[in-house]
Amino acid sequence: MGEPIENETIVEEREELMVSIFADGKPNLRTAHFLKPTLSSIDAPIPKLFSLSRSFLPHSFEPDDWPLKACFSGWRTPTKSWLFWVEILRPKYQPVWQKAGIYEAIMSSTCSIKRYDDLAIGLAEKWNPETNTFIFPWGETTISLEDVMILGGYSVIGFPVTFSGDSQELGEVEDKLLEECRKIQRNTGRRVRQRKWVENFMGSDRDIEHEAFLSLWLTRFVFQDFDEIIRKRVFPIACLLAKGEVMALGPAVLASIYRDLSLLKETIVGSTKFKGAEVDDCVLEITLCSPMQLVQLWAWERFPALQPKPNVIHYFDPRSARWSNVKIVKVENVRMVLDSAGETFEWRPYAKIVNCWQFHEFYKEKEEWISVDQSLSKELLSFALCLRPSELVGLGSGCIHQYLPHRVAMQFGLDQDVPCHVARSNGTPEIAWNNYLRPINDRKIYIPSRFFESDITVRYLEWWKKLSMVVQKDVIKGIVRGKRSSRKRPERIPWVKARKGENDARVPPGFPPKLNSVKPEPFVDEVKPEAFEVSNKKASVTTRPLSHDKCSLANAQGLSPSVADNGGFVKIELSMTPTQGYTNQSSEWRISKSDGRGK
């Protein structure tokens, strides 16, 4: 595991030959500012190139025709009861929410963001799980801690989400919440649903109403799950927030987004490898539980061609209010828009004037070096954490992902050089969290001017040309093939081989197939034939876990399964390779097969 560098600094200032990322002007020797670690001399070894080839993606961008169904269960819209509860408690508890750093996040949960599935799929196509960045033909970008802080209103400083507090008072409040759960369960005979929780607490003026409110907020909008059940694991966090304690929700939320983007990308890739299907009506389903609306908001802020007409926002409105209930701008081919967006991409949207939105302290008119001491404000400390590589610890087993802002320095108003490798520090959640909150060794932190236009080094330009050469060719091929194959029948997934004469009824025209799906248990590193059994009678796929819970769907080797009929079952063998950070507790994938009948 990588240990923190003793004399590590965040920003490096040096003279370099700089050039505009898109202009064809001559290089200019000037003083530039870079996020570390980067190459510091022309003689330093160049990092190896990772593959950007899109040959493993569908040639044409027609997600509706792909054998893929994505369920965004973490994309929640506010209910009337939630809006009413917020308005009831806001006058009394707004100061507490502001002290705990969750006021904007709670107000953001009152915004309704309409989902544009094609945009989410199009962005996931560009995702690189190795670097946790989007790779476009014109550059590398990502959703960062800054985006989660601005768009979601989540704090990036504070206690980790795994901290439960150690005071007797907090323990007593948590015990009361648990007792209420038990009472509701005894009365209803089942787990506590969110609607029942609201009925039990909203407007009750009980001593734990505030903690119950925050428990619902955390369950429904921050750390979502598959169903509408209240999660007891958020009770300690709710109790701390109710006391005004600051919790670092931002890195935990971003870790879950990185996990789901990687899972969605690998599922897209996996769905393209199923050829020669013997059964047409099979689709690959994936359930994503992170707040993926933040990814769409990130895109709307930065891609003008995809941007709806924003709302006018007023003082103290959250940034997400710009996009609440706006009319989506749909385009024919999201992939093509993303590929050609280079010169119009907004690298620093939050540094521009927008109605009455108030600038944060780190969007300054003039550049400035600020001393790192006890007087450093929370906002500037938060910005410093946004600028340095670290490990992001989520809520749930195995949800640890690497954060690499030095690869996208232009998003923070700094210049870009060739990024260096960063060693992992993810052995345990404790090790990862210590890496995230390691001391800041800089005597001063550089804050760029919000008017500054970043450049790239000549070395980076040459490196990126080599890196993007393959993807540029694939973009052209994709356009040509897309035109030729736009009306071709999509390929299906041969996960299931049914017996002849079974499940072969024709679905009437205009009627979609009915899906019978089974939620799987955690997968294993090496999946043996016994792990998957497909019943011809039930026409569904079931799984039987063997050991661990980490795997990578798209890394499956030999995606055309070896099928052997064994009595009443068809067994499928897949070799799976483990991927760091995936956990069935927060996201899932499943396979569904039509039963041959219309709805």
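Which residue stands opposite I400 in strand 10? V393 does. This is a predicted model, in which local features need pLDDT of at least 70 and side-chain atom pairs count only at pLDDT 80 or more, while totals for chains, interfaces and linings use all residues. Residues are numbered from 1 along each chain as its sequence is written, and side-chain values use heavy atoms, with hydrogens and water left out.

Strands (E, at least two residues) and helices (H or I, at least four) are DSSP runs numbered from the N terminus. Two strands pair if DSSP finds at least two bridges between them.

| Strands | Sense | Bridges |
|---|---|---|
| Strand 5 (residues 133-136) and strand 6 | antiparallel | three |
| Strand 9 (residues 390-393) and strand 10 | antiparallel | four |

Strands 9 and 10 form a hairpin with six residues between them, and G396 in the turn has a positive phi of about 125°. From strand 10 (residues 400-403), I400 and Q402 point one way and H401 and Y403 the other, and all are buried (under 20% relative accessible area, 1.4 Å probe, protein chains only).

An open sheet of three strands has the order 4-5-6 with antiparallel pairing. Strand 4 (127-128) and strand 6 (139-141) are its edge strands, each pairing on one side only. F134 stands opposite T141 in strand 6.

The axes of helix 6 (residues 194-201) and helix 7 (residues 209-222) come within 10 Å and cross at roughly 160°; axes are lines fitted to C-alpha atoms over the stretch in contact, with angles from 0 to 180 degrees between N-to-C directions. Helix 6 is therefore roughly antiparallel to helix 7 (over 145 degrees). Contact (heavy atoms within 4.5 Å) involves Q194, W197, V198 and F201 of helix 6 and E209, A212, S215, L216, T219 and R220 of helix 7.

Methods:
Parallel < 35°, antiparallel > 145°, perpendicular 65-115°, else oblique. Buried < 20%, exposed > 50% of the residue type's maximum accessible area, 1.4 Å probe, protein only.
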